[in-house]
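Hi there,

Here is the structure I promised to pass on to you. Have a look at it first, and then read my notes below.

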Amino acid sequence: MKKNLVFDFVIILIVLLGAAYFAFKKPIKMGLDLKGGVYVVMEAVAEDGGTITSNDMDRLIEVLERRVNGFGVSEAVVQKTGDKRVIIELPGIKDTQKAVETIGKTAFLEFKLVESDGSLTETGVNGKDLKQADISYDNFGRPQIVFELTIEGAKKFAELTRNNIGRQLAITLDGEVQTSPTIKSEIPGGKGTISGGYTIEEAKSLKTLLNAGALPVKAEILETRTVGATLGDESIAQSKQAGIIAIVLVMAFMAIFYKLPGLIADVALTICGIIIFGTLNYFEATLTLPGIAGLILTLGMAVDANVIIFERIKEELRGGNSILKSVENGFKKAYSAILDGNITTLIITAILFSLGTGPVKGFAVTLTIGILASMFTAITATRFMLKTLVLYTDIKNPKFFGVRGK
């Protein structure tokens with residue numbers, strides 16, 4: 001048993017130290033509803049009566065994500081909703097007009113000649129002339145980009161490369177230079193190769209950028225909304241107050257009703273909180289108002305498993321078993337009830353996450369992390385502390401476990 005306790009102690013210590021490191025490393029990211037910012041809904045529109053494919057949407061989101069990243073907002077969300085719509089959330093952004101103009105502008109890929117002073121010269125070949133781009137490998141197995149132009153684009157590109165062999169040709173997207181390969185020979189037929197010692201990840205990124213530049217659909221802005229930061233400040237303050245009250249009441253209830261095991265459960269609740277915040281920070285989760293609600297609910301529910309265990313222990317004590325035997329049997333008999341109850345809740349959170357949108361997903365994420373953390377602390381941390389206490393102290397009176405009449 002002592003070996004098992006040492007093993008449990010090592011596991012708990014590793015998890016606790018790791019969670020504490022991430023929990024206090026940096027503040028948790030705040031969502032749009034807490035920090036304020038800009039909320040935009042866009043819809044992809046097919047030209048010439050065509051249809052919008054999933055590939056079109058993937059390319060549209062790729063372009064929008066790059067533009068959103070230009071704001072320097074790490075908590076920004078670009079999320080597909082339905083078949084043709086995209087939701088964009090920019091926490092902390094106050095200039096709504098600028099944000100909308102930047103997000104909504106048309107993606108534009110251009111080929112430009114690099115002059116000796118580093119300036120760029122227009123060539124007349126741009127994203128409208130690009131048919132598609134893909135990844136291939138050269139004779140040495142190194143990834144490179146192959147691209148194909150339209151018939152008209154091929155003509156212009158052949159003339160451009162023929163007249164500028166040895167010069168650098170910059171490929172720009174939305175005005176930003178993506179790469180500047182050297183023209184080694186004339187490229188007739190509208191097919192070319194871009195090589196530059198790329199890694200496979202860099203090649204994939206460049207391929208996506210090139211295809212995004214040739215986006216076949218345009219996106220229209222359906223809705224823009226500014227969320228005030230004041231709402232977020234008030235919500236955070238009220239949520240903190242609710243959280244503190246909930247934790248104090250839960251801890252007091254456990255200590256009064258379950259005595260010694262209740263105090264251990266309070267320590268486990270503290271560990272559970274550290275694990276939850278550490279996990280949220282590790283996965284860089286964005287905390288929203290529903291997410292805070294899920295967090296408070298989780299802290300309140302975190303002692304549920306302990307209550308089930310302690311009631312089983314009290315039943316064993318009332319049956320005349322020793323304290324050590326009662327603790328062992330209490331945990332064994334409580335496992336199935338704990339697992340069944342939490343698994344059903346996890347199924348619900350999985351459904352919420354898969355079918356819900358941003359705030360609902362935030363609620364599902366925090367609730368899921370909270371359930372897993374509470375199960376870990378109840379089954380591992382509480383058991384370790386309780387068994388260590390029983391084995392290494394002289395506690396023999398069942399009253400310390402909340403059993404009356406013994």
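Let's start with K112: leaving out neighbours within four places in sequence, this residue is in contact (heavy atoms within 4.5 Å) with L120, T121, E122, T123, Q168, L169, A170 and T172. K112 is part of strand β5, residues 109-114; strands are DSSP runs (E, at least two residues), numbered from the N terminus. With a relative accessible area of 14%, K112 counts as buried, which means under 20% relative accessible area (1.4 Å probe, protein chains only).

A word on the source: this is a predicted model, where local features need pLDDT of at least 70, side-chain atom pairs count only at pLDDT 80 or more, and totals for chains, interfaces and linings use all residues. Residues are numbered from 1 along each chain as its sequence is written, and side-chain values use heavy atoms, leaving out hydrogens and water.

Next comes D129, in the loop between β6 (120-126) and β7 (130-137). D129 is buried too, at 7% relative accessible area. Not counting residues up to four places away in sequence, D129 touches G124, L149, T150, G153 and K156.

Finally, look at strand β2 (residues 37-46), where eight of the ten residues are buried. Strands pair if DSSP finds at least two bridges between them. β2 runs antiparallel to β4 (residues 85-91), with seven bridges joining them; here E43 has R85 as its bridge partner. β2 also pairs with β12 (residues 217-227) in the antiparallel sense, over ten bridges, and there Y39 is partnered by R225.

Happy exploring!

Note on methods: Helices (H or I, at least four residues) and strands (E, at least two) are DSSP runs, numbered from the N terminus. Buried means under 20% relative accessible area, exposed over 50%, partly exposed in between (1.4 Å probe, protein chains only).
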